[in-house]
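Visitor: I'd like to learn how to read a model like this one, feature by feature. Could you walk me through it?

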Amino acid sequence: RWRPDLLYGNVDFKTNLWVTDVPVGCESRAVAGDGAVDFGPETAVDIVFVGLGGSCSVMAERFDGPPAEPSGIAQVVIGDYYWSISAPTCTFDAATEIRFDLDELPGAGAAGFGDPSDIKVYKRSGDEEDFTEVLSVTYDAATNEIVVTGLTGFSEFAFAGDTGVGVDDGDAEADTDAAARHADVYVSPVYPNPVAAGSLSGVSAVTSGGTNSAQVVHLELRATQSQQVAVAVYDLVGRRVGAQTSVSLQPGTTQILSVPSEGLAPGLYHIVLRGESFVTSRRFVVTR
């Protein structure tokens, strides 16, 4: 099994400040037809596909702690975990289910809630967006699972409710501490995203501007202290594609990383950055 803890971080979508949280569970599956797919006890996720429009790859990640930016969640209690599910080429019917297995989640109660029937599931609308979608949820007492239906696609998912033990929006001290620890690094969203398929020759870094091409993606990187950052691109199953390069960051200077997409097959990719004070990644999608 590859090491997702070496590849991923968690982003505050409002400020684009990455923190060094890594998924406690991460599994990828190749899905070829309808039926249940188990993503393992570390993610506590099963997906029952209905009306799958062809084969695709699906990745499920579970993170400890509430999402870094829970804006849009109306309930006073936010759960102790959140999930990211990625499947950029999958299409499926609204009868498809995500089943969160509460027995596979550590900690007291139902993922931070005393009453599992109180749990509501929110979906983030998209990159840098709020949790605005409240999903259709039922509690399956026989299997002790939270069942979500009515999906139009995957994204980030978070539990919320009005009762139980959780992290609420008023936990300002924790939020302030997290921001202070990681305010020395800024990573922009990848742009353009998605990008057309072309071919890959590696990752290049420039201090300003960048290459104007329909087959290159960019992201901006700043830090308050000098450090070397190793940059590489990985595919959905954790294989590095292209050469790794090193970027030298100087305080007050914006680095624009340019990633040619030459030779990349359509799919989901991660630009992974390993600095002296942080490890993080940015996702982008290559289309046909």
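Visitor: What share of the contacts in the chain with a separation of 6 or more comes from residues 24 or more positions apart?

Guide: Keep in mind that this is a predicted model. Residues 24 or more positions apart account for 71% of those contacts.

Visitor: And how many helices and strands does the chain have?

Guide: The secondary structure comes to one helix and 22 strands. Of the 288 residues in the chain, 47% are buried. The chain exposes about 12100 Å², and carbon and sulfur atoms supply 49% of that area.

Visitor: Let's take a sheet. In what order do the strands of the open sheet with β15 and β19 run?

Guide: A general idea to carry along: in a regular strand the side chains alternate between the two faces of the sheet. Here, five strands line up as β15-β22-β21-β18-β19, with mixed pairing. The edges are β15 (195-196) and β19 (240-249), each of which pairs on one side only.

Visitor: How many bridges join β18 to β19?

Guide: Seven, and the two strands run antiparallel, with β18 covering residues 227-234. To find your place in that pairing, look for Gln228, which stands opposite Ser248 in β19.

Visitor: Which strands form a hairpin with six residues between them?

Guide: That's β4 and β5. In the turn, Gly40 has a positive phi of about 90 degrees.

Visitor: Where is Ala44, and what is its phi?

Guide: Ala44 is found in the loop between β4 and β5. Its phi is near 60 degrees, a positive value in a residue other than glycine. Ala44 counts as buried because its relative accessibility is 1%, against a cut-off of 20%.

Visitor: What about Asn144: what is its phi?

Guide: Near 55 degrees, again positive in a residue other than glycine. Asn144 lies in the loop between β11 (136-140) and β12 (145-149). At 19% relative accessibility it counts as buried, since the cut-off is under 20%.

Visitor: On to aromatics. How many aromatic pairs does the structure hold?

Guide: Nine. In general, a pair of aromatic rings is described by the distance of the centres and the angle of the planes. Take Phe49 and Phe92: their ring centres are 6.2 Å apart and their planes sit at 70 degrees, so the pair is edge-to-face.

Visitor: Which parts of the chain does the pair of Phe49 and Phe92 tie together?

Guide: Phe49 lies in strand β5 (residues 45-49) and Phe92 in the loop between β7 and β8, so the contact ties together parts that are 43 residues apart in sequence. Phe49 is buried, at 1% relative accessible area, and Phe92 is buried too, at 15%.

Visitor: Which residues do ring pairs link into a cluster?

Guide: Tyr81, Trp83, Phe100 and Phe159.

Visitor: Which cysteines form a disulfide, and how far apart are their sulfur atoms?

Guide: Cys56 and Cys90, with the sulfur atoms 1.7 Å apart. A pair of cysteine sulfur atoms counts if they are within 2.5 Å, and by that rule there is one disulfide. The pair links distant parts of the chain, 34 residues apart: Cys56 is in strand β6 (residues 56-64), while Cys90 is in the loop between β7 (77-86) and β8 (97-101).

Visitor: Why is the disulfide of Cys56 and Cys90 called right-handed?

Guide: Because the torsion about its S-S bond is about 60 degrees. As for burial, Cys56 is buried at 6% relative accessible area, and Cys90 counts as buried at 13%. Cys26 is buried as well, at 5% relative accessibility.

Note on methods:
Residues are numbered from 1 along each chain as its sequence is written. This is a predicted model: local features need pLDDT of at least 70, side-chain atom pairs count only at pLDDT 80 or more; totals for chains, interfaces and linings use all residues. Side-chain values use heavy atoms; hydrogens and water are left out. Two strands pair if DSSP finds at least two bridges between them. Helices (H or I, at least four residues) and strands (E, at least two) are DSSP runs, numbered from the N terminus. Buried means under 20% relative accessible area, exposed over 50%, partly exposed in between (1.4 Å probe, protein chains only). Rings of Phe, Tyr and Trp (its six-membered ring) pair if their centres lie within 6.5 Å; planes under 30 degrees apart count as stacked, over 60 as edge-to-face and the rest as tilted. Contact means heavy atoms within 4.5 Å. Accessible areas come from the Shrake-Rupley method with a 1.4 Å probe; for residues, only the protein chains shown count as cover.
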